[in-house]
Amino acid sequence: VNLLTRNMSGMAGPVASIIERKLTDMLKPSHLQIINESYMHSVPKNSETHFKVVVVSESFTDKKPLARHRLVNDVLKEELSSGVHALSINAFTPEQWDKGRQVDKSPNCMGGF
Amino acid sequence: IETQQPRYLSSEAPRDVQKEIGDLVAKNKVVIFMKGVPEAPQCGFSNAVVQILRMHAVTYDAHNVLVDEELRQGIKDFSSWPTIPQVYIEGEFIGGCDILLQMHQTGELIEELQKVGIKSALMDPEDEKK
(Lines give C-alpha, C1' and ligand atoms only; values in the text may rest on other atoms or scores of the structure.)
Protein backbone atom coordinates (compact mmCIF):
# COMPACT_ATOMS: atom_id res chain seq x y z
CA VAL A 1 0.00 0.00 0.00
CA ASN A 2 1.53 3.30 -1.00
CA LEU A 3 0.49 6.43 0.77
CA LEU A 4 1.51 9.70 -0.76
CA THR A 5 0.51 12.90 0.95
CA ARG A 6 -1.53 15.18 -1.16
CA ASN A 7 -1.93 18.88 -0.72
CA MET A 8 -5.22 20.71 -0.50
CA SER A 9 -5.97 20.40 -4.19
CA GLY A 10 -5.49 16.63 -4.04
CA MET A 11 -2.21 16.55 -5.98
CA ALA A 12 1.08 15.11 -4.80
CA GLY A 13 3.94 17.46 -5.61
CA PRO A 14 6.46 16.58 -8.33
CA VAL A 15 9.28 15.90 -5.89
CA ALA A 16 7.08 13.64 -3.76
CA SER A 17 6.10 11.73 -6.90
CA ILE A 18 9.71 11.24 -7.93
CA ILE A 19 10.61 10.07 -4.43
CA GLU A 20 7.76 7.58 -4.56
CA ARG A 21 8.81 6.24 -7.94
CA LYS A 22 12.48 5.88 -7.05
CA LEU A 23 11.91 4.20 -3.70
CA THR A 24 9.37 1.85 -5.24
CA ASP A 25 11.62 0.90 -8.14
CA MET A 26 14.80 0.46 -6.14
CA LEU A 27 13.59 -0.98 -2.82
CA LYS A 28 10.37 -2.77 -3.80
CA PRO A 29 8.71 -1.85 -0.52
CA SER A 30 5.74 -3.71 0.89
CA HIS A 31 4.69 -0.47 2.53
CA LEU A 32 5.71 3.06 1.60
CA GLN A 33 4.63 6.36 3.01
CA ILE A 34 5.94 9.74 1.86
CA ILE A 35 5.03 12.73 3.94
CA ASN A 36 5.84 16.26 2.93
CA GLU A 37 6.70 17.96 6.19
CA SER A 38 7.77 21.24 4.67
CA TYR A 39 4.72 22.94 6.18
CA MET A 40 6.29 22.38 9.59
CA HIS A 41 9.28 24.53 8.71
CA SER A 42 10.08 28.12 7.85
CA VAL A 43 9.81 27.70 4.07
CA PRO A 44 7.27 29.02 1.55
CA LYS A 45 3.89 27.34 1.10
CA ASN A 46 3.84 24.31 -1.20
CA SER A 47 7.57 23.77 -0.72
CA GLU A 48 8.96 20.29 -1.11
CA THR A 49 12.03 20.66 1.06
CA HIS A 50 11.41 18.51 4.13
CA PHE A 51 10.16 14.93 3.89
CA LYS A 52 9.53 11.97 6.11
CA VAL A 53 9.56 8.54 4.49
CA VAL A 54 8.42 5.28 5.99
CA VAL A 55 9.83 2.38 4.02
CA VAL A 56 9.16 -1.28 4.71
CA SER A 57 11.30 -3.54 2.58
CA GLU A 58 13.14 -6.84 2.55
CA SER A 59 16.15 -4.88 1.25
CA PHE A 60 16.75 -3.80 4.83
CA THR A 61 17.14 -7.30 6.22
CA ASP A 62 20.45 -7.78 8.04
CA LYS A 63 21.30 -4.13 7.63
CA LYS A 64 21.94 -1.88 10.60
CA PRO A 65 20.02 1.41 10.78
CA LEU A 66 22.88 3.47 9.38
CA ALA A 67 23.23 1.14 6.39
CA ARG A 68 19.49 1.30 5.77
CA HIS A 69 19.52 5.08 5.84
CA ARG A 70 22.50 5.21 3.50
CA LEU A 71 20.59 2.96 1.11
CA VAL A 72 17.64 5.33 1.06
CA ASN A 73 19.94 8.37 0.81
CA ASP A 74 21.61 6.76 -2.16
CA VAL A 75 18.33 6.17 -3.98
CA LEU A 76 17.41 9.81 -3.39
CA LYS A 77 20.88 11.21 -3.99
CA GLU A 78 19.74 13.62 -6.67
CA GLU A 79 16.85 15.02 -4.69
CA LEU A 80 19.05 15.47 -1.62
CA SER A 81 21.59 17.47 -3.58
CA SER A 82 18.97 19.75 -5.08
CA GLY A 83 15.79 20.89 -3.35
CA VAL A 84 15.30 18.36 -0.57
CA HIS A 85 16.86 19.77 2.52
CA ALA A 86 15.82 17.35 5.23
CA LEU A 87 14.87 13.70 5.12
CA SER A 88 13.55 11.76 8.06
CA ILE A 89 13.83 8.04 7.43
CA ASN A 90 11.96 5.22 9.10
CA ALA A 91 13.25 1.98 7.62
CA PHE A 92 11.84 -1.37 8.70
CA THR A 93 11.91 -4.94 7.52
CA PRO A 94 8.47 -6.49 6.95
CA GLU A 95 8.96 -8.53 10.15
CA GLN A 96 9.62 -5.42 12.20
CA TRP A 97 6.68 -3.60 10.66
CA ASP A 98 4.30 -6.46 11.37
CA LYS A 99 5.43 -6.46 14.99
CA GLY A 100 4.17 -2.92 15.22
CA ARG A 101 7.21 -0.62 15.06
CA GLN A 102 6.23 2.96 15.64
CA VAL A 103 6.95 5.90 13.43
CA ASP A 104 8.21 8.87 15.44
CA LYS A 105 6.71 12.30 15.22
CA SER A 106 9.17 14.72 13.69
CA PRO A 107 10.39 17.55 15.93
CA ASN A 108 9.12 21.10 15.55
CA CYS A 109 10.98 23.63 13.48
CA MET A 110 13.16 26.02 15.46
CA GLY A 111 13.46 28.70 12.84
CA GLY A 112 16.81 28.15 11.17
CA PHE A 113 17.47 26.97 7.63
CA ILE B 1 26.70 45.30 4.06
CA GLU B 2 30.18 43.95 4.62
CA THR B 3 30.98 40.56 3.20
CA GLN B 4 33.95 38.72 4.55
CA GLN B 5 36.22 37.49 1.79
CA PRO B 6 38.89 34.95 2.57
CA ARG B 7 42.24 36.67 2.41
CA TYR B 8 45.21 34.61 1.37
CA LEU B 9 48.58 35.93 2.42
CA SER B 10 51.41 34.52 0.39
CA SER B 11 52.51 32.41 3.33
CA GLU B 12 49.03 31.04 4.13
CA ALA B 13 47.65 27.87 2.61
CA PRO B 14 43.97 27.76 1.58
CA ARG B 15 41.63 26.07 3.99
CA ASP B 16 41.57 22.27 4.03
CA VAL B 17 38.12 21.64 5.38
CA GLN B 18 38.33 17.86 5.22
CA LYS B 19 41.48 17.84 7.31
CA GLU B 20 39.91 20.32 9.71
CA ILE B 21 36.91 18.08 10.15
CA GLY B 22 39.15 15.06 10.65
CA ASP B 23 40.84 16.97 13.46
CA LEU B 24 37.53 18.12 14.96
CA VAL B 25 36.02 14.64 15.19
CA ALA B 26 39.19 13.38 16.85
CA LYS B 27 39.22 16.10 19.50
CA ASN B 28 36.53 14.68 21.74
CA LYS B 29 34.81 11.35 22.23
CA VAL B 30 31.46 12.78 21.19
CA VAL B 31 31.35 15.49 18.52
CA ILE B 32 28.26 16.84 16.81
CA PHE B 33 27.66 19.14 13.87
CA MET B 34 24.40 21.00 14.22
CA LYS B 35 22.42 24.08 13.32
CA GLY B 36 22.74 26.62 16.06
CA VAL B 37 24.37 25.91 19.41
CA PRO B 38 23.31 23.55 22.23
CA GLU B 39 22.00 26.49 24.26
CA ALA B 40 19.97 27.69 21.29
CA PRO B 41 19.42 25.11 18.54
CA GLN B 42 18.04 26.50 15.30
CA CYS B 43 16.54 23.33 13.98
CA GLY B 44 14.16 20.81 15.52
CA PHE B 45 16.30 17.85 14.41
CA SER B 46 19.45 19.39 15.87
CA ASN B 47 17.55 20.17 19.05
CA ALA B 48 16.45 16.55 19.34
CA VAL B 49 20.09 15.44 19.29
CA VAL B 50 21.02 18.03 21.92
CA GLN B 51 18.17 16.94 24.18
CA ILE B 52 19.02 13.25 23.88
CA LEU B 53 22.66 13.92 24.76
CA ARG B 54 21.52 16.07 27.66
CA MET B 55 19.42 13.22 29.03
CA HIS B 56 22.47 10.97 28.96
CA ALA B 57 24.54 13.80 30.54
CA VAL B 58 27.19 13.49 27.84
CA THR B 59 29.84 16.17 27.39
CA TYR B 60 30.56 16.81 23.75
CA ASP B 61 31.88 19.33 21.23
CA ALA B 62 29.25 21.00 19.08
CA HIS B 63 29.95 22.81 15.82
CA ASN B 64 27.46 25.22 14.29
CA VAL B 65 27.27 24.82 10.52
CA LEU B 66 25.08 27.90 10.13
CA VAL B 67 28.05 30.18 10.75
CA ASP B 68 30.40 28.33 8.44
CA GLU B 69 29.19 27.53 4.94
CA GLU B 70 32.32 25.58 4.03
CA LEU B 71 31.95 23.45 7.13
CA ARG B 72 28.30 22.90 6.32
CA GLN B 73 29.12 21.43 2.92
CA GLY B 74 32.39 19.87 4.05
CA ILE B 75 30.80 17.76 6.77
CA LYS B 76 28.37 16.30 4.24
CA ASP B 77 31.27 15.31 1.99
CA PHE B 78 33.26 13.98 4.94
CA SER B 79 30.61 11.49 6.02
CA SER B 80 28.85 11.07 2.66
CA TRP B 81 25.73 12.00 4.56
CA PRO B 82 23.45 14.66 3.12
CA THR B 83 21.90 16.24 6.18
CA ILE B 84 22.57 17.98 9.48
CA PRO B 85 22.75 17.13 12.42
CA GLN B 86 25.58 14.60 12.42
CA VAL B 87 26.84 12.70 15.44
CA TYR B 88 30.35 11.26 15.78
CA ILE B 89 31.54 8.94 18.53
CA GLU B 90 35.29 8.40 18.69
CA GLY B 91 35.70 9.78 15.23
CA GLU B 92 33.12 7.45 13.72
CA PHE B 93 29.98 8.76 12.09
CA ILE B 94 27.00 7.32 13.96
CA GLY B 95 24.09 8.94 12.19
CA GLY B 96 21.65 11.80 12.37
CA CYS B 97 18.64 12.57 14.50
CA ASP B 98 16.55 9.52 13.50
CA ILE B 99 19.32 7.07 14.27
CA LEU B 100 20.27 8.71 17.55
CA LEU B 101 16.63 8.69 18.62
CA GLN B 102 16.31 5.03 17.74
CA MET B 103 19.51 4.18 19.61
CA HIS B 104 18.24 6.15 22.60
CA GLN B 105 14.92 4.30 22.59
CA THR B 106 16.45 0.83 22.30
CA GLY B 107 19.17 1.42 24.88
CA GLU B 108 21.82 1.03 22.23
CA LEU B 109 23.13 4.55 22.87
CA ILE B 110 23.94 3.70 26.47
CA GLU B 111 25.94 0.70 25.19
CA GLU B 112 27.78 2.70 22.52
CA LEU B 113 28.75 5.32 25.09
CA GLN B 114 29.86 2.67 27.54
CA LYS B 115 32.11 1.14 24.86
CA VAL B 116 34.05 4.40 24.65
CA GLY B 117 34.20 4.85 28.39
CA ILE B 118 31.31 7.24 28.85
CA LYS B 119 28.83 6.42 31.56
CA SER B 120 25.37 7.52 30.51
CA ALA B 121 23.23 9.14 33.20
CA LEU B 122 20.50 6.80 32.05
CA MET B 123 22.50 3.63 32.58
CA ASP B 124 20.79 1.10 34.81
CA PRO B 125 22.98 0.47 37.89
CA GLU B 126 22.53 -3.27 37.18
CA ASP B 127 24.24 -2.90 33.81
CA GLU B 128 27.30 -1.23 35.33
CA LYS B 129 28.36 -4.60 36.66
CA LYS B 130 28.57 -6.03 33.12
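**Figure 1. B:L66 in the loop between β4 and α3 of chain B.** Helices (H or I, at least four residues) and strands (E, at least two) are DSSP runs, numbered from the N terminus. This is a predicted model, in which local features need pLDDT of at least 70 and side-chain atom pairs count only at pLDDT 80 or more, while totals for chains, interfaces and linings use all residues. Residues are numbered from 1 along each chain as its sequence is written, chains are lettered from A and ligands numbered from 1 in the order in which they are written, and side-chain values use heavy atoms, with hydrogens and water left out. B:L66 has a relative accessible area of 26% and is therefore partly exposed; buried means under 20% relative accessible area, exposed over 50%, and partly exposed in between (1.4 Å probe, protein chains only). Leaving aside neighbours within four places in sequence, B:L66 is in contact with B:M34, B:K35, B:G36, B:Q42 and B:R72 of chain B and with A:F113 of chain A, contact meaning heavy atoms within 4.5 Å. A separation of 31 Å lies between the C-alpha atoms of B:L66 and B:K119, which are 53 residues apart along the chain.

**Figure 2. Buried and exposed faces of helix α1 (residues 17–26) of chain B.** The buried residues in this helix are B:V17, B:I21, B:L24 and B:V25. Seen down the axis of α1(B), these buried residues fall within an arc of 90°, so they line one face of the helix; the arc is that of the directions from the helix axis to the C-beta atoms. An α-helix has 3.6 residues a turn, so residues three or four places apart point the same way. On the face of α1(B) turned away from the buried side are the exposed residues B:K19 and B:A26. The packing partners of the buried residues of α1(B) are β1 (30–34), β4 (61–64), α3 (69–79) and β5 (86–89) of chain B.

**Figure 3. The crossing of α1(B) and α3(B).** The axes of α1(B) and α3(B) come within 9 Å and cross at roughly 75°. Axes are lines fitted to C-alpha atoms, for helices over the stretch in contact, and angles run from 0 to 180 degrees between N-to-C directions. The two helices α1(B) and α3(B) are therefore roughly perpendicular to each other; angles under 35 degrees count as roughly parallel, over 145 as roughly antiparallel, 65 to 115 as roughly perpendicular and the rest as oblique. From α1(B), B:V17, B:Q18, B:I21, B:G22, B:L24 and B:V25 meet B:E70, B:L71, B:G74, B:I75, B:D77 and B:F78 in α3(B). The residues of this contact of α1(B) with α3(B) comprise seven nonpolar, three polar and two charged. Ala, Val, Leu, Ile, Met, Phe, Trp, Tyr, Cys and Pro count as nonpolar, Asp, Glu, Lys and Arg as charged, and the others, Gly among them, as polar.

**Figure 4. The crossing of α2(B) and α4(B).** Helix α2 (residues 44–55) and helix α4 (residues 97–106) of chain B have axes that come within 9 Å and cross at roughly 30°. They are therefore roughly parallel to each other. The crossing of α2(B) and α4(B) is left-handed, that is, the near helix is turned anticlockwise from the far one by less than a right angle, a crossing being right-handed if clockwise. B:F45, B:A48, B:V49, B:I52, B:L53 and B:M55 in α2(B) meet B:C97, B:L100, B:L101 and B:H104 in α4(B).

**Figure 5. The loop between α3 and β5 of chain B, with B:S80 and B:P85.** B:S80 has a positive phi of about 50° although it is not a glycine. At a relative accessible area of 56%, B:S80 is exposed. In this loop, which holds B:P85, the peptide bond from B:I84 to B:P85 is cis, with omega near 15°.

**Figure 6. B:A121 in the segment after α5 (108–115) of chain B.** Not counting residues up to four places away in sequence, B:A121 touches B:M55, B:H56 and B:A57. The C-alpha atoms of B:A121 and B:H104 are separated by 12 Å, the two residues being 17 residues apart along the chain.

**Figure 7. A:N46 in the loop between β2 (31–36) and β3 (50–56) of chain A.** Although not a glycine, A:N46 has a positive phi of about 65°. A:N46 counts as exposed, at 64% relative accessibility. Chain A has four helices and four strands, in the order β-α-β-β-α-α-β-α along the sequence. Of its 113 residues, 46% count as buried.
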